[in-house]
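Hi there,

Here is the structure I promised to pass on. Please have a look at it before you read my notes.

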Amino acid sequence: SLLTRDRGCGLRMLLVAVACLLLGLAEASTSVMDEAAVTNTEFREFVRATGYTTDAERFGSSFVLVSNVSPEGDAETTQSVQSAPWWLNVPHAHWRQPRGTGSGVAKLLDHPVVHISHEDARQYCAWKGKRLPTESEWERSALAGLPRGTTYPWGNATADASSRMHYWRDSWPPTQPVLGSVGTVPVHAYGPQNAFGIFNALGNTWEWCDQDAATARPDQKVLRGGSYVDSLDGSFNHRLELTARMVNTPDSSADNTGFRCCCHELVAGSTGKNEL
């Protein structure tokens, strides 16, 4: 089986032969990929065990989509992104308070942890004895053996997208906080997106990756997969396809940014069975 249980984090991990096809790299390696993004429950365990403080907590703010901001957070907010005013720099927004003051994660424990910087993700992975995937590893796990140029993890059928990934379906842009506004969904929502059993490679949250050595830059880090604010047709934000990619500074964070872990070999004690 390509799936094996990682008893350390409670999620199955995926054994991937990384051929690096999309980036045109010749080297190949074997890696083990989490089937889903890291959740609030899992990140909370890390914080409780280590006392870790995220970059957003240290900076005192993070970016939240305007429709998601809590009433208290909205009252405290004075800054937005000039070129994208629907992104607000919300004081006291961080992983525990994803919508700002007055919000929490008690009802979001199975959702992906957000407001995570590249360094935050790296520290969590190290605590688990893992690491972030490279772009090549992320691509190969999302493709699940499909040929280069395939549009989605399940193939090229756009008609399947609405039932297989989480993306923005309302009018754009949002203009004000909306009670009950849709943000992230649980990491296992919509079922596996591909034959390997990967969940939400596209949509829900952007995922931090490490760059392949040939393209690495210390001042920029790569995110893959798009998020819930992106569109199916690319009419606004990013087009949700396997090529979805952006770069950001390693200390940046927002309410649509998360990650999943990877490692080079199977975790000791793994069963090798396709089981949860």
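Predicted model: local features only at pLDDT ≥ 70, side-chain atom pairs only at ≥ 80, totals over all residues.

Residues are numbered from 1 along each chain as its sequence is written, and side-chain values use heavy atoms, with hydrogens and water left out.

The chain has 5 helices and 11 strands (DSSP runs numbered from the N terminus: helices are H or I with at least four residues, strands are E with at least two). Of its 276 residues, 52% are buried (under 20% relative accessible area with a 1.4 Å probe, protein chains only).

Strand β4 (residues 61–65) is largely enclosed by the rest of the structure, because 4 of its 5 residues are buried. Its antiparallel partner is strand β6 (residues 84–91), joined to β4 over 5 bridges; two strands pair if DSSP finds at least two bridges between them. One of these bridges links V64 to L88 in β6.

There is 1 cavity of 30 Å³ or more (a set of points on a 1 Å grid over the protein atoms alone, where a 1.4 Å probe fits but cannot get out). The largest cavity holds about 40 Å³ of space, the volume being that filled by probe spheres set on the points. Its lining residues, those with an atom within 4 Å of a point, include F199, E207 and R260.

Best wishes

Conventions
Buried < 20%, exposed > 50% of the residue type's maximum accessible area, 1.4 Å probe, protein only. 1 Å grid on protein atoms, 1.4 Å probe; cavity = no way out; pocket = protein on both sides within 12 Å on 5 of 7 lines; lining within 4 Å.
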